[in-house]
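Have a go at each one before reading its solution.

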Amino acid sequence: MAAGGTLGILIPPSIGFVVYGIITEQSIGKMFMAGIIPGLVLVTGFALAVYVQCLANPKLGPKSERFTLPEIIWSIVMIWPVMLLFAAVIGGIYSGILTPSEAGGIGASGALLIALFAPGFNRHKLFDALLEATTTSAMIFTILIGVGLLGYFVTLTDIPVSFANFLKGLDVSRYVIYVLILLLYLVLGMVMNIIPMMMLTLPVLFPTVVGLGFDPIWFGVIMVIMMEMGQITPPIGINVFVIHGVAKKYDVSMATIYRGIIPFVIVEILVITLLTIFSDIALWLPNSMDVLAPLD
């Protein structure tokens, strides 16, 4: 649950990609496309990690009652509103019919319509959702104002240029610098939320990454996965604390959750390695948009 909870910032529509695109002035539509295949690869890796562990220790996931084919088909059919909304948002962006902002409006409106017809929905839940959205939006815009001021100050001091020149001046491979940047995001991901983390680090690090010859769309995907890893990695791991708080009544210790996280951290490391070696896994879909539906 802790590992799966991080997938929301990778599989579109992702707020992490929206913030990354705004700060780095990259196409948000391409960022969304770039996250789809790596997200599916990561989901598959998580599923395999669960399957292998259950094979080794069946007590971790005992067999349940078998469901008939009609029951399975019906359960899939019943999620059609969510699948339709996903297709409208992503399909609208990919086809060029909708801009990312328009697609976000369609997604919000569609989600509200689905909620109105969902069992248990009431005005109190709507109010709580609107209050949380307002609070989050206010926080984001406040941080954006601060980051704008910080960016202006950083530009005046030539920090990005100096930092980039320092890294380039190191007598090491660019991949050594790449690994150091990833380790930085891993540590920051343990203690910070993805949005302020991006806003504080990208103005300094992004020019360095581009100067080293890395693709900015590809790096955005790598960075988001590293932040996912940070949210489940000891000694902090925000998602682990959330899961512990929920599972406390079942006497599940933090140590148990951290031990359970290890296979999923290994999967994320393998996926990052795979994306580093075969960057086209992340870039094939966004590059195809240049031909099918340019958004820049």
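Predicted model: local features only at pLDDT ≥ 70, side-chain atom pairs only at ≥ 80, totals over all residues.

**Exercise 1.** Work out which helix gives the most to the lining of the second largest pocket, then describe that pocket.

*Solution.* Start with the contributor: helix 12 gives the most to this lining, with 5 residues. Helices here are DSSP runs of H or I with at least four residues, strands are E runs of at least two, and both are numbered from the N terminus. Residues are numbered from 1 along each chain as its sequence is written, and side-chain values use heavy atoms, with hydrogens and water left out.

Next, the lining as a whole: 17 residues line the second largest pocket, and M1, I257, G260, I261 and F264 lie nearest its centre. Two or more lining residues come from each of helix 2 (28-56), helix 11 (238-247) and helix 12 (254-277). A pocket is an open set of points on a 1 Å grid over the protein atoms alone, where a 1.4 Å probe fits, with protein on both sides within 12 Å along at least five of seven lines; lining residues have an atom within 4 Å of a point.

Then sort by class: the lining has 13 nonpolar, 4 polar and no charged residues. Gly counts as polar in this scheme. Finally, the space in this pocket is about 550 Å³.

**Exercise 2.** Find which helix supplies the largest share of the nonpolar patch.

*Solution.* First, list some members: the patch covers about 1300 Å² and includes F67, W74, V77, W80 and L84. Patch residues have over 30% relative accessible area and no salt bridge, with nonpolar side chains joined within 5 Å. Helix 3 takes the largest share, with 6 residues.

As a check, take V77, which sits in helix 3. V77 is partly exposed at 37% relative accessible area, where buried means under 20%, exposed over 50% and partly exposed in between (1.4 Å probe, protein chains only).

**Exercise 3.** Say where E25 lies and whether it is buried or exposed.

*Solution.* E25 is in the loop between helix 1 (15-24) and helix 2. With a relative accessible area of 73%, E25 is exposed.

Conventions: Patch = residues over 30% accessible without salt bridge, like charges linked within 9 Å, V, L, I, M, F, W, Y side chains within 5 Å. Areas by Shrake-Rupley, 256 points an atom, 1.4 Å probe, with all protein chains shown as cover. Salt bridge = Lys/Arg side-chain N within 4 Å of Asp/Glu carboxyl O. Points joined across faces, edges and corners; volume = space filled by probe spheres on them.
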